[in-house]
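Subject: A structure for you to look at

Hi,

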Amino acid sequence: MHIFLLLSALTIQSDSLSLDRLTPAMIDSYMDRHLAEAHASLERLLRVRGPRTIENALRPYDEMRGRVNGTRVVSLLRRAHADSTIRAACERAESRLQQFTRGLRLDPRVYRMILAIDTTTADAETREYLLEERTAFRRAGVDRDAATRARIAALRSDLTRLEQRFEANIAADTTSLAFATEGELAGMGGDWIAARQRGPRGEVIVVGEELQAVTRQATDSATRARALVAAWNRAPANRAVLDTLLRVRHALATLLGYQSWAAYQLETYMSGSPDSVRAFLGALQRMAAPAALRDFDARRGARAWLVMSDFTEAQVRGLGVGGLGPALRPYFPYAQVRDGLFGLARDLLGLEFRPATDSPGWSPTVETYRVYEGDRLIAKVYLDLRASPGRSVQGAATGVLRGGIRGGPPVEVVILGGMVPRAEPGLMGPQGVVTLFHEFGHLLHVMLSARPYYWTSGAPPEADFDEVPSTLFEQWAHDTAVLHRIARHYQTGAPAPDSLLVRMVAAAPQGSGIALQWRARMSLELHDGSPDRVDSIVRATFAASQPAGVDVRLPAAEIHPEDTFFHLSSYEAAYYTYLWSAVISQDILSRFDRGLLDTAVVHAYRRELLDVGGSRPAMESLRAFLGRPFNLDAWARALR
Ligand SMILES: [Zn+2]
């Protein structure tokens with residue numbers, strides 16, 4: 001699972017927070033100071049007399065928003081920090097920040113100022129920026145009457161609170177299962193079992209998120225069944241939270257004049273509408289049917305619904321089971337993987353990572369680097385990759401601490417995740433390696449997309465493009481030439497045998513994708529219609545995700561996988577983004593006909609898809625790189 005937090009270009013003063021010595025009071029006063037400054041600069045801006053120009057209106061407005069957005073460092077620390085009092089202070093600060101942003105978007109004075117800016121001599125990027133701003137204000141409801149605006153603000157405030165609660169309930173969940181003997185956990189590996197808690201009679205206790213690993217890897221089907229039902233009943237407090245969350249989103253969408261939250265949300269995405277997402281998912285499903293039947297036949301021994309326990313993300317990618325993890329792990333000590341990534345950034349893009357030991361992070365396990373292109377400092381990067389208790393990030397995430405603008409101070413980025421075991425030498429399984437490559441793809445995007453405005457820097461406004469650079473970069477972790485550079489035994493230095501690497505290469509992300517289809521459909525349908533049928537939507541979308549000829553059933557037992565479906569908070573209706581991005585990545589990949597280390601193609605990709613940031617629509621950037629609109633042909637070929 002990968003979450004790309006804080007999607008837009010941001011700026012801040014993370015440097016004005018001493019990240020290694022945070023206290024709740026510091027966070028409170030940090031937010032006080034920044035919001036006071038933002039209010040003051042906004043009032044100054046609104047008082048300007050005479051015609052509104054790019055220089056006297058758009059530029060200062062962009063800088064103000066960049067500074068305010070930088071304070072979203074608190075959203076990141078809310079998820080990443082080990083201290084619960086810091087996390088609570090960050091939650092408060094985040095709510096205040098969102099209140100400011102809501103107020104800004106609903107302020108008719110600011111909207112009028114944006115509308116009044118003269119664009120006759122503006123360049124294309126500036127016009128694109130203004131077009132997006134005007135759309136964003138309109139979508140926020142700024143042109144409604146005062147009573148409606150107050151109602152919108154109240155609903156948005158409810159949403160912030162409910163989303164925070166939903167994520168916190170998942171993080172705090174301690175659902176556990178006890179296994180009487182280690183035999184019941186066959187397939188999990190001795191190290192994994194040794195690292196678990198023990199009960200009074202020596203039983204092995206598996207807690208919370210750890211249950212997922214059992215559903216994927218345990219060889220005993222009764223064990224997988226118990227783990228799966230337990231995993232699908234975690235965070236029961238979220239039943240009521242999600243119910244309310246969906247109702248509030250629906251109420252807000254209809255108040256704004258849309259059929260549903262999905263229709264509202266997807267309006268500014270590349271897909272454009274729920275129907276276009278349905279058509280996309282249907283096309284993929286038909287294409288994947290033969291592969292799904294193959295997968296299904298291969299596992300026919302298990303009770304039908306238990307087959308689903310294998311169809312998790314890792315399994316879809318072929319990395320979750322089958323002994324590949326334990327065999328490959330000794331060849332991927334963390335430092336070697338990290339230095340391998342830095343080496344790729346150097347050889348492919350001319351970027352150099354240098355340790356910044358003078359600049360500590362929020363935990364002793366955080367590593368800090370400065371990134372140079374030639375002699376220009378372009379980024380500061382924090383890597384917080386060690387598994388640690390108490391943090392609520394699930395899987396991995398890349399977040400922007402400070403947006404960059406061309407010629408300005410460096411962008412600051414963090415990668416969060418628990419993919420590196422705490423104990424040295426941090427031997428990473430193949431899934432962890434692929435996840436780190438994925439996040440590194442996000443990192444490259446953020447570092448290279450500095451534009452003249454904060455708000456056109458970073459990812460383009462179509463949020464279903466966000467996972468393209470990351471999904472694409474995963475392919476480098478499935479490439480023999482790349483793996484030869486990185487995979488060496490941590491004790492002997494011997495290269496990984498080709499027989500193993502071949503299997504990692506073959507495990508590239510195609511396949512039946514039933515689990516991804518299910519999540520994508522669930523996330524869409526829960527947000528497209530009246531939000532009072534959660535249980536039936538969960539089951540119906542499962543059935544709809546089966547390709548023709550496959551008849552897998554969910555367990556009859558009560559299950560609520562939606563309660564721990566983290567993306568319902570952050571991706572809302574748009575979980576399909578992962579499949580959408582995978583298809584686009586495959587299309588991009590078809591241009592690399594001389595291998596992934598071909599710098600000419602890498603440079604073209606960088607120029608047309610990364611450097612451009614949000615300065616033009618993502619569809620245009622894709623067309624510029626591919627020489628045509630993207631299509632599903634490469635995906636279909638890869639499935640064969
Ligand atoms: Zn991602």
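Below are my notes on its helices, its strands and a few single residues.

This is a predicted model, in which local features need pLDDT of at least 70 and side-chain atom pairs count only at pLDDT 80 or more, while totals for chains, interfaces and linings use all residues. Residues are numbered from 1 along each chain as its sequence is written.

A word on labels before we start: helices (H or I, at least four residues) and strands (E, at least two) are DSSP runs, numbered from the N terminus.

**Two pairs of helices**

Two packed helices are described by the angle between their axes and the distance between the axes. Here the axes are lines fitted to C-alpha atoms, for helices over the stretch in contact, and angles run from 0 to 180 degrees between N-to-C directions.

Start with α5 (residues 108-116) and α6, whose axes come within 10 Å and cross at roughly 150°. The two helices are therefore roughly antiparallel to each other (angles under 35 degrees count as roughly parallel, over 145 as roughly antiparallel, 65 to 115 as roughly perpendicular and the rest as oblique). The crossing of α5 and α6 is left-handed (left-handed if the near helix is turned anticlockwise from the far one by less than a right angle, right-handed if clockwise). On the α5 side, Tyr 111, Ile 114 and Leu 115 meet Leu 130, Glu 133, Arg 134 and Phe 137 of α6; two residues are in contact if their C-beta atoms, placed from the backbone, lie within 7 Å. By class, this contact has 5 nonpolar, no polar and 2 charged residues. For these classes, Ala, Val, Leu, Ile, Met, Phe, Trp, Tyr, Cys and Pro count as nonpolar, Asp, Glu, Lys and Arg as charged, and the others, Gly among them, as polar.

Now go to α26 (residues 599-610) and α27 (residues 618-626), whose axes come within 8 Å and cross at roughly 160°. That makes α26 roughly antiparallel to α27. Their crossing is right-handed. Ala 604, Tyr 605, Glu 608 and Leu 609 in α26 meet Ser 621, Ala 624 and Phe 625 in α27. Sorted by class, those residues are 5 nonpolar, 1 polar and 1 charged.

**Strands**

Two strands pair if DSSP finds at least two bridges between them. Strand β6 (residues 367-373) runs antiparallel to β5 (residues 351-355), and 5 bridges join them. Within this pairing, Pro 355 stands opposite Tyr 369 in β6. Strand β6 is also joined to β7 (residues 376-386), again antiparallel, by 7 bridges. Tyr 372 has Leu 377 in β7 as its bridge partner. The hairpin of β6 and β7 has 2 residues between the strands, and Gly 374 there takes a positive phi near 65°.

Elsewhere, 3 strands form an open sheet in the order β2-β4-β3, with antiparallel pairing. Its edge strands are β2 (176-179) and β3 (197-198), each of which pairs on one side only. Between β3 and β4 (residues 204-207) there are 2 bridges, and Gln 197 stands opposite Ile 205 in β4.

**Some single residues**

Which residues have a positive phi although they are not glycine? One is Ala 235, with a phi of about 50°, found in the loop between α10 (221-231) and α11 (238-255). Ala 235 counts as buried because it has 25 C-beta neighbours inside 10 Å (buried means 20 or more other C-beta atoms within 10 Å of its own, exposed 12 or fewer, and partly exposed in between, with C-beta atoms placed from the backbone). Another is Glu 572, whose phi is near 55°. Glu 572 sits in the loop between α24 (567-570) and α25 and is buried, with 23 other C-beta atoms within 10 Å.

Look also at the peptide bond from Glu 424 to Pro 425, which is cis, with omega near 5°. Pro 425 is in the loop between β9 (411-420) and α18 (430-448).

Leaving aside neighbours within four places in sequence, Arg 127 is in contact with Thr 119 and Ala 122.

Arg 594, in the loop between α25 (577-589) and α26, counts as exposed because it has 9 C-beta neighbours inside 10 Å.

Happy exploring!
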